[in-house]
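Subject: Handover of a structure and notes on its pockets and cavities

Dear colleague,

Please find below the structure that I am handing over to you.

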Amino acid sequence: MTRWMFPGSFDPPTLGHLDVLRRAARLCDELVVAVLHNPAKRGLFTPEQRMEMIRRVAADLPNVRVVSSDALLVQAAAAFEITCVVRGLRTSHDSAGEIQMAQLNRAMLPGLEVLMIPTAPSFAFISSSYVREIAAKHGDISTFVPAEILPDVLAAYEV
Ligand code: PNS
């Protein structure tokens, strides 16, 4: 039984997240998607809203479980008995930070494996922070986020 974790902020989830989520879910028995949040930082969406949006876009994947935690990634991984953490890589720019994070996490929790999945090139330029910035100025984000959650993001910026 393989239980992997796909951690992130998911504020909001993007098509790039969904690509990595779907591909990772095919590789393990259970994929725990973990909304990791810092209570000191107020995001656009609450952790509960982010979890609900992820559940909606992954509704057809029976082996996906969505949780949230304000703990360290390694603490959440230990609590859910995770053997492997999955992170998406958009471009080579992501890799330096991701390798540092993977090495830090493995120093704290030896035995935890970290798998990096390159996103599909068509999603390489998408980030949640740019989605928020564009949506805030009423730009078109419809090709950046899953259709199921587009109304949520638009509503977050309605006056
Ligand atoms: O989607 P993001 O913002 O790239 O995800 C980053 C995230 C949430 C995975 C990272 O910030 C994280 O692990 N936060 C939990 C706190 C923690 O463990 N910090 C030490 C990381 S080495």
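A search of the whole structure, which is a predicted model, finds two cavities of 30 Å³ or more. Rolling a probe the size of a water molecule over the atoms shows where empty space is left. I describe the open pocket and the ligand first, and then return to the cavities.

The largest pocket

The volume of the largest pocket is about 970 Å³. Its lining is made up of 38 residues, and those nearest the centre of the pocket are Pro-7, Gly-8, Ser-9, Phe-10 and Arg-87. Several elements take part: strand E1 (3–8), helix H1, helix H3 (73–79), strand E4, helix H4 and helix H5 (128–136) each supply at least two residues of this lining. Which of them gives the most? That is H4, with five residues. When the lining of the largest pocket is sorted by class, 14 residues are nonpolar, 14 are polar and 10 are charged.

The ligand

Where does the ligand sit? The space that the ligand takes is the largest pocket. The residues surrounding the ligand are Gly-8, Ser-9, Leu-36, Ala-71, Leu-72, Leu-73, Arg-87, Met-101, Leu-104 and Asn-105. Helix H4 gives the most to this shell, with three residues. By class, the shell around the ligand has six nonpolar residues, three polar residues and one charged residue.

In the side chain of Ser-9, an N or O atom is 2.5 Å from an oxygen atom of the ligand. For Arg-87, the distance from an N or O atom in the side chain to a ligand oxygen atom is 2.9 Å. As for surface area, the ligand taken alone exposes 540 Å², and the protein buries 66% of that.

The largest cavity

The largest cavity has a volume of about 40 Å³. It is lined by Leu-73, Val-85, Arg-87, Glu-98, Met-101, Ala-102, Asn-105, Leu-112 and Val-114. Among these, Leu-73, Arg-87, Met-101 and Asn-105 also belong to the residues that surround the ligand. Strand E4 (84–89) and helix H4 (92–108) each supply at least two residues of the cavity lining. The greatest contribution to this lining comes from H4, with four residues. How does the lining of the largest cavity divide by class? Six of its residues are nonpolar, one is polar and two are charged.

The second largest cavity

The second largest cavity holds about 30 Å³ of space. Its lining consists of Phe-10, Pro-13, Thr-14, His-17, Leu-18, Leu-21, Ile-54 and Val-57. Here helix H1 (15–25) and helix H2 (47–57) each supply at least two lining residues, and H1 gives the most, with three. This lining has six nonpolar residues, two polar residues and no charged residues.

The loop between E1 and H1

Finally, please examine the loop between E1 and H1, where both Phe-10 and Pro-12 are found. Phe-10 is one of the residues nearest the centre of the largest pocket, and it is also part of the lining of the second largest cavity. The phi angle of Phe-10 is near 50 degrees, which is a positive value in a residue other than glycine. Is the peptide bond from Asp-11 to Pro-12 cis or trans? This bond is cis, and its omega is near 5 degrees.

With kind regards

How values were computed. Residues are numbered from 1 along each chain as its sequence is written. This is a predicted model: local features need pLDDT of at least 70, side-chain atom pairs count only at pLDDT 80 or more; totals for chains, interfaces and linings use all residues. Side-chain values use heavy atoms; hydrogens and water are left out. On a 1 Å grid over the protein atoms alone, a cavity is a set of points where a 1.4 Å probe fits but cannot get out, and a pocket is an open set with protein on both sides within 12 Å along at least five of seven lines; lining residues have an atom within 4 Å of a point. Grid points are joined across faces, edges and corners, and a volume is the space filled by probe spheres set on the points. Ala, Val, Leu, Ile, Met, Phe, Trp, Tyr, Cys and Pro count as nonpolar, Asp, Glu, Lys and Arg as charged, and the others, Gly among them, as polar. A residue is near a molecule or strand if one of its heavy atoms lies within 4 Å of it. A polar contact is a pair of N or O atoms within 3.5 Å; within protein, one must be able to donate a hydrogen and the other to accept it, and residues adjacent in sequence count only if both atoms are side-chain atoms. Accessible areas come from the Shrake-Rupley method with a 1.4 Å probe; for residues, only the protein chains shown count as cover. A molecule sits in a cavity or pocket if more than half of its atoms lie within 2 Å of its grid points.
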